[in-house]
Amino acid sequence: MSDNKVNDSNNSASPTGDVADGQLRVAVVGAGPAGVYASDILLRQLKEKGDELGLGSRARIDLFEKLPVPFGLVRYGVAPDHPSIKYIAGALEKTLDNPDIHLYADVEFGRDVSLDDLRDRYDVVLFATGAVDDRPLEIEGHSLDHVYGAAHFVEWYDGYPTAGREWPLDAEQVAVIGGGNVAMDVARILMRRADDLLGTDIPDNVYEGIKGNKARELHMFIRRGPAQAKFSVQELRELEKLPGVQIVLDDEDFDLDPETIDLAAQDKLTRQMLEELYAIKDMAEDMEADGGVDFEGNPADRRFCIHFNRMPAAILGQDGKVSGIRLEKTEVTPEGVMGETGEYEECPVQAVYHAIGYKPAEVSGIPYDFSRYTLANEHGRVCSAPQAEGGHPIDRLYATGWAKRGPVGLIGSTKSDALETIGNMLDDLASTESHGRLAPDRADDSIDRLLASKGITPIDFAGWKRVDAYERAEGAKVGREHIKVTDPDKLRSLAHGE
């Protein structure tokens, strides 16, 4: 890789002793937040205590990313009207601009490089793979036309390179199933006017698609009550400021008993979330009293209805297409245990989006825990099988992020994951048992020669900077910060300076 940053130091570590005279060689699969944070933490930990552990104070870290560009979830999993969250990309970019970290984008594990390829060249392999699909919605009618998983809709509006360029937005009444941030992102985008998004990095094709969106009434169904919702306060505050949208809530959903409120108050984030929901409830009452207006008092032409204690029982259809949704009312204990009531109701809709959780990707040759939707692992150590099946750690293989814990938690959880995994990794490498198990091929250009022999031209950090510069230049032409390129071939061409 002509533009890749190559360390000048001589990697002279012997595969039969410690690496105090050389550098650890680490392969990270996935250049999203989990992979980048783990790389940064590893370098910091080595600088702090690597010499003491006999591992040296530096490492060569190579990040392999299947997409032509880095940053994973931050670029392709966050709604375009979340610019404050996307500033995280700036911090990730600073980490990548490190002479000890080398980006190999457009290189897919399991297709372009194998596990044996990496283990021959790296002392450890860390999997920081994300999620690319939805958990299945296993209710009657789930296969009807116009039933969509949130993951694919998010890919469309975020311009994922392999996503379709069009999305059907013909339904006037829409249901969203789920009570977390992804569900709220999906619902909010479905209620947005296209021009509201012009200040974001929304791709041009998505802008045109949303301009034709016919949705006028959206129903969000959440299985448990307000005290058990998983929204962040930031998500709720963004809900409060949707132009042209009236928010509708049911007073009965907020008739919480004192024990439920007391338990919610014991957790700071839950308490803040619940307080914000009550503020939205008051806002919704004012919107209704003023004749159906939005947050600024202007007439609303769309309605955003949130229903708690509603569990989807079936999606109703006619001629193979969605015509409605049947829901069962639920009851929830103060501790959050949900029970069925046997009371049902139906709501007419023409499209259903389910955001009930992502399914982190399976990885070629790596055991998967289908009960947890993670790679089989114990505290970040990849195992031969799930713990419940008696799996044991596999030498020199690790996991972090959603691959480790499943698709829950935000950036703080990702950093905590990385700290635990990197701590265990360094302890393992420093142990007597690990000596003699280091990678035999320690040449700096080994991976480059391997990829070249397969006709693969990776995209490095300099290539990403060329893509970023182009997107910013295109945005500047129309007064926007940047406009995201969606075509994978164009991304490659830009990255390679063609």
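Among contacts in the protein chain (heavy atoms within 4.5 Å) between residues at least 6 apart in sequence, 75% join residues at least 24 apart. This is a predicted model, in which local features need pLDDT of at least 70, side-chain atom pairs count only at pLDDT 80 or more, and totals for chains, interfaces and linings use all residues. Residues are numbered from 1 along each chain as its sequence is written, and side-chain values use heavy atoms, with hydrogens and water left out.

Q: How many residues does helix H11 have, and what span does it reach?
A: Helices are DSSP runs of H or I with at least four residues, numbered from the N terminus, and the expected span is 1.5 Å times one less than the number of residues. H11, residues 268–289, has 22 residues and reaches 32 Å from its first C-alpha to its last, close to the 32 Å expected.

Q: Which residues of H11 are buried, and why do they line one face of the helix?
A: An α-helix has 3.6 residues a turn, so residues three or four places apart point the same way. Buried means under 20% relative accessible area, exposed over 50%, and partly exposed in between, with a 1.4 Å probe and protein chains only. The buried residues of H11 are Met-273, Leu-274, Glu-276, Leu-277, Ile-280, Lys-281, Ala-284 and Met-287. Seen down the axis of H11, they fall within an arc of 160 degrees, taken from the directions from the axis to the C-beta atoms, so they line one face. On the other side of H11, Lys-268, Glu-275 and Ala-289 are exposed.

Q: What do the buried residues of H11 pack against?
A: They pack against helix H9 (233–239), helix H10 (258–265) and strand E9 (245–249), a strand being a DSSP run of E with at least two residues.
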